[in-house]
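Let's walk through this model together, beginning with a sheet and moving on to its aromatic rings. Please keep the structure open beside the text.

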Amino acid sequence: MKTCRCGYALLEMLSILVAVAVLMMLSVEPMRTMLSEIPKTDRDYQTWSVTRKMLRQLRDDVEAASAMRLDETDAQGSTLDLVRASGTVQYRLMDEKAVRMFSPVDGMEPIAVEWALPKNRMQVSLWAESGRPTALEVTTWVEQHRGPRKLKNFEQTSVFFRKSQ
């Protein structure tokens, strides 16, 4: 006659507990690293979100521009002038900051908008056809320093074309 064994032996339970304890010890350091990276990643994502908002405004301004001029002689950044029917828009594109200055043609006060872009880097260039600028290329990324290395996160290139010729 067979006897039915209900439950686990003490040795089986102890071996399971030891295995779980070893797995937990091995996973502590990766969990600590992952949890410490969450705030950094969140800040980078917030910077990327603000950069996207700035690029949407820049796209709208470039599409409405009748003329564009890019000045890269300033050591602190680039200056982009866009002539629109409603006025002139000037962008100061610097590392970690972008400023939009709109000067209406009707003589009203200029309107300034500033976007803080921590750890953000930008490169801009104009595309020309027959000597006239027709598009603006903007490359942005969030730069992180990991020891001697520099990492580029959220790198993106956007090209905005003028609609009015």
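Strand 6 and strand 7 (residues 132-146) pair in the antiparallel sense over 10 bridges; two strands pair if DSSP finds at least two bridges between them. Helices (H or I, at least four residues) and strands (E, at least two) are DSSP runs, numbered from the N terminus. This is a predicted model, in which local features need pLDDT of at least 70 and side-chain atom pairs count only at pLDDT 80 or more, while totals for chains, interfaces and linings use all residues. Residues are numbered from 1 along each chain as its sequence is written, and side-chain values use heavy atoms, with hydrogens and water left out.

The open sheet has three strands in the order 6-7-8, with antiparallel pairing. Its edges are strand 6 (120-129) and strand 8 (149-161), each pairing on one side only. On average, neighbouring strands here are turned by 20° against each other, direction ignored. Axes are lines fitted to C-alpha atoms, for helices over the stretch in contact, and angles run from 0 to 180 degrees between N-to-C directions. Helix 1 (residues 10-64) packs on this sheet and touches strand 6, strand 7 and strand 8, where contact means heavy atoms within 4.5 Å. The direction of helix 1 makes about 20° with that of strand 8.

Now look at tryptophan 141 in strand 7, which stands opposite arginine 121. Lysine 152 lies over the face of tryptophan 141, at 4.2 Å from the ring centre. A charge sits over a ring if NZ of Lys or CZ of Arg is within 6 Å of the ring centre and within 35 degrees of the ring normal.

How many aromatic pairs does a search of the whole structure find? There are five. Rings of Phe, Tyr and Trp (its six-membered ring) pair if their centres lie within 6.5 Å; planes under 30 degrees apart count as stacked, over 60 as edge-to-face and the rest as tilted. One of the pairs is tyrosine 45 with tryptophan 48, tilted, at 5.6 Å centre to centre and 35° between the planes. These two residues are three apart in helix 1, so about one helical turn separates them. Tyrosine 45 is partly exposed because its relative accessibility is 40%; buried means under 20% relative accessible area, exposed over 50%, partly exposed in between (1.4 Å probe, protein chains only). Tryptophan 48, at 24%, is also partly exposed. Ring pairs link Tyr45, Trp48 and Phe154 into a cluster.
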